[in-house]
Amino acid sequence: MPRILSAAATTAVIALVGALLGTSPAIAADGDGLGAASISGTVRGAVGEPFEGACVTVSSDDDGDGNWTLVGEPVQTVADGGYAIADLQAGTYAVSADGCGDVSFEATWYRTGTTRPASADEGLIALAEDASATDVDIQLIAAPIQNLEAPGVAGAPVVGQELTATPGTWSPDGLDFAYQWNADDAPIDGATAPTFVVTADQLGASISVAVTATRPGFETAAAVSAPTGHVVAGSLPAFTAEITGDAQVGAPLSTVLPDGDGVTAQWNRGDTPIEGATGATYVPTVDDLGATITVTITRTVDGYETRSVTSSPTGAVVEGVLPEFVPVVSGAAAVGATLSSSVPSSGAVTVQWLRNGEPVAGEMSPSYVVKASDLGSVFSVEVTQSVPGYAVSVTTSVPTAAVALGTQPVFTPVVSGTVAVGRTLAVSVPAGPAYTYQWYRNGAAISGATSSKYVVVAADLGLPLKVRVVAKVTGYADRTAYSASTVKVVAGTIASFTPVVKGTTIVGSTLGVTVPSGNSYKYQWLRNGAKISGATASTYKLVTADAGTKVSVTVVASRTGYTSLSKTSAATPTVLRALTASPTPTISGTRKVGYLLTAVPGTWSPAPVALKYQWYRSGTAITGATASTYRAAAADLGKSVTVVVTGSKSGYATVARKSAGTAAIVPGTISLSTPSLSGQVRVGYTLTASATASPTATLKYQWYLNSTAISGATAKTFAVKTWMIGKQVSVKVTASRSGYSTVSKFSTRTVGVLTAYPSITANGVYKVGVDIKPGTYYTKGGADQYCYWDLATDYAGSNVITSDAGYGRRMVTILSSDPYFYTEGCGVWYRYDGTGSRATSFGDGVYGVGANIQTGLYQSLGNDPDGYCYVAGLALARPYDTDAINWNDIGYGGDFTVRIDSTDKYFESAGCNKWVRISG
């Protein structure tokens, strides 16, 4: 910055020039001569870097009038930014620095920047004589950059278009520019070039550009362009959709997709998109048959308008043509072999085997097993392939050679069994074929030996055997095979056996021996193991010499081709003598259950002979009946009884003799006494029957009134009831016992049943439970007898629970909870036992239903029109107790009917004429 110097500063300039010749910068004082004070410090650039070549000036207001004058010439800073101004007089100074002609910086004052300081606090420096002010540091203030014309944006705000920034007009010249593109005032990441291609991210936003101007030494400045209009979607390049290929099922159709992102294809059947058909190629299926095909190509890119193009339709899709397939038959053309046909790998395939060109019924699988009936025929196969959308393909294979006989597998017959005379040999062969056999002896065929088994005979002894087997299967060549030869046949072994002596071992009896058939035998009988001379037959008669010994027999078995076999039987029991007399027993006694039977054995000899007994019932032993007597039991009834007497004596054979059977045992007889009765024949009492039977028997009872049996009265005791009054009682007792005839007897009839003793005979108060028991009672009453009773809580009757009054028969039910009973004018009270005469007509009063009167429909005729007729059905004989009344009714004059049924225990009638039962 230029400075204007006063005339008085000449001396200071001279001094400054001189000072610059030294090591430290300095400036001389003006006017009044040089002083000894100084000011020093460092000047730094706008960013704090040491600034070399800055001009530092000092100003002074010596007289304090506010007019500041430059002291001397500016001093330039050295390389480290340092400066020093010396030879200043005492006073107040302001220090500033600038760029020495470089417009990049403004004049900058110590501490106050671009404004001269006004006080020491702001940055004025007061110097005393010889004083030094150090660290008077100044940081230069960069000059501003000015935007004279705002930046601009060239280009259309369309996605995909390029926008160009124009920086505008700035001062000073020589500036560098930086750019930042914005969308709706927000910086776009990475968009810092002079140009910017709009993307989909900016769709709908306004674009602006911020330009930042910089130049070394100047303050950075920025300006923003005016925003564009809102960014709109771009337009994608045009493209076409075309289909190549034949419109045929199975033949691929293709299209060329345009380059770029966001391209999709959709194949259509008519106007309907085909699901999943979105590639560059499409193979028509059976679903497309008869339809036309199009393809729609769509390109969708963010920020651009979607572009979609549909091709022209193909012709109608026609059936496809399956690849040519010729079946091939593999396998040998021989009976039993399997022929196989190749088949296509796709579609529905049916196979039909042809014999001599004609279909074989039911043979429609890819393989065929040649049968015997096919012998001499040729085979081919017809294959039909059906694939939806394709024309059906039918092809036939080349015929096979004529079917030849099958070949049976090789086999070797194996002979098993023991190679010995009498043993059976068997040959094993594979299952399946039919076989014929021929056995050979030492190489020569054995006549008749043509089964799978062969029993070795004596003629085979010492010679080997083998068998020829011929396998036969229809349609196959015969297969003949020979077994290996056996070892030489050895002698057979007679099957082991044990001779068994049979017969009774009593002197005089003949013994025999049991041996297997098929062999020849020789015999030798033995007595206590020693041979009996001359006893070499198959039987032996015991003699006196054998008594007390044991007999056995040795048997030698022989047969041609077999080794002889000798066997000895087990010894018999000791041979016994025979009793000389053993008579048949007889039975004496009455053939009746309960009677004793006696066995009569007769005389046995030689005496003494011990005898035992066993009685039988119809041939079955009677358990425990082993004495000489037996009492016939109930189980013997109708059966015959026998006895077996067994005699035994040491050294003699025991003998058992059975008697003849008795006639059938008949029933036994029971003795029964005439029954007797005990007890009063009076209502309310119980009669008891007594009788005795011999032997002890089961007694049953049936009670009678007069001569009529009483239903259910079958106990030993009998309760006398009201309804029985006047009738005679008797009992029939029946005695029964198993095996015995049943017997019955009657007792003598009693006198007629008497009326019960009265419970109450006089008017008065009676304590319940003491004077009278709880229960139901009745009076006989009469049409002109007025009766009153009540039940009260106290003796005086001041608190009556319930009561009744009226003419005719009366009844009362006294509960255990009733304290006192009062009766007046009622006459005698009897205990009610639930029975009675079961009348069908009655007058006023209270009656037991089903006992005193029968149930049914009753009628009362001609009742007084001036009077009343009251009826009630009761659960208890307490007519005025509401809890006891089931129902009630009242009428005035005329005829009345009422139904009395078993749901009511009691029935009351008052003021009514006679009731007569008219139906049940």
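Reader: Leaving aside its neighbours within four places in sequence, with which residues is S747 in contact?

Author: Please note at the outset that this model is predicted. A contact is read from heavy atoms that lie within 4.5 Å of each other. Apart from neighbours within four places in sequence, S747 is in contact with P675, L677, S730 and V731. S747 itself belongs to the loop between β69 (743-746) and β70 (764-767).

Reader: Is S747 buried or exposed?

Author: The term buried applies under 20% relative accessible area. S747 has a relative accessible area of 9%, so this residue counts as buried.

Reader: I turn now to a residue in a strand. Where is I587 found, and what is its relative accessible area?

Author: I587 is found in strand β52, which covers residues 586-589. With a relative accessible area of 12%, I587 is buried. Beyond its neighbours within four places in sequence, I587 is in contact with L597, T598, W615, V641, T642, V643, S659, A660 and T662.

Reader: What share of contacts in the protein joins residues at least 24 apart?

Author: Among contacts between residues at least 6 apart in sequence, the share that joins residues at least 24 apart is 64%. As for burial, 39% of the 920 residues in the protein are buried.

Reader: Let us proceed to disulfides. What is a disulfide, in general terms?

Author: A disulfide is a covalent bond between the sulfur atoms of two cysteines. In this structure there are three disulfides. If the bonded cysteines are numbered in sequence order, they pair as 1-2, 3-4, 5-6.

Reader: How many residues apart are C787 and C826, and where do they lie?

Author: They are 39 residues apart and link distant parts of the chain: C787 is in strand β72 (residues 786-792), and C826 is in the loop between β75 (820-824) and β76 (830-831). The distance from S to S in this disulfide is 1.7 Å. The link of C787 and C826 is right-handed, with 85 degrees about the S-S bond. Both C787 and C826 are buried.

Reader: Which cysteine is joined to C869?

Author: A disulfide joins C869 to C912, with 1.9 Å from S to S. C869 is in strand β80 (residues 869-874) and C912 is in the loop between β83 (906-910) and β84 (915-919), so this pair ties together parts 43 residues apart in sequence. The link of C869 and C912 is right-handed, with 100 degrees about the S-S bond. C869 is buried at 4% relative accessibility, and C912 is buried at 8%.

Reader: How do strands of a sheet pair?

Author: Strands of a sheet pair through backbone hydrogen bonds, either parallel or antiparallel. One case here is an open sheet of four strands in the order β47-β46-β49-β51, with antiparallel pairing. β47 (530-531) and β51 (565-568) stand at its edges with a single partner strand each, so one side of each has no neighbour in the sheet. Within the sheet, eight bridges join antiparallel strands β46 (residues 520-527) and β49 (residues 551-558). L526 has S552 in β49 as its bridge partner.

Reader: Finally, what is the radius of gyration of the protein?

Author: The protein has a radius of gyration of 77 Å, whereas a compact globule of 920 residues would have one near 29 Å. Along the principal axes, the C-alpha atoms fill a box of roughly 200 × 140 × 80 Å. The protein exposes about 45800 Å², of which carbon and sulfur atoms supply 52%.

How values were computed
Residues numbered from 1 in each chain as written. Predicted model: local features only at pLDDT ≥ 70, side-chain atom pairs only at ≥ 80, totals over all residues. Heavy atoms only, no water. Disulfide = S-S within 2.5 Å. Helix = DSSP H or I, 4+ residues; strand = E, 2+ residues; numbered from the N terminus. Buried < 20%, exposed > 50% of the residue type's maximum accessible area, 1.4 Å probe, protein only. Pairing = 2+ DSSP bridges. Rg over C-alpha atoms; globule rule 2.2 N^0.38 Å. Areas by Shrake-Rupley, 256 points an atom, 1.4 Å probe, with all protein chains shown as cover.
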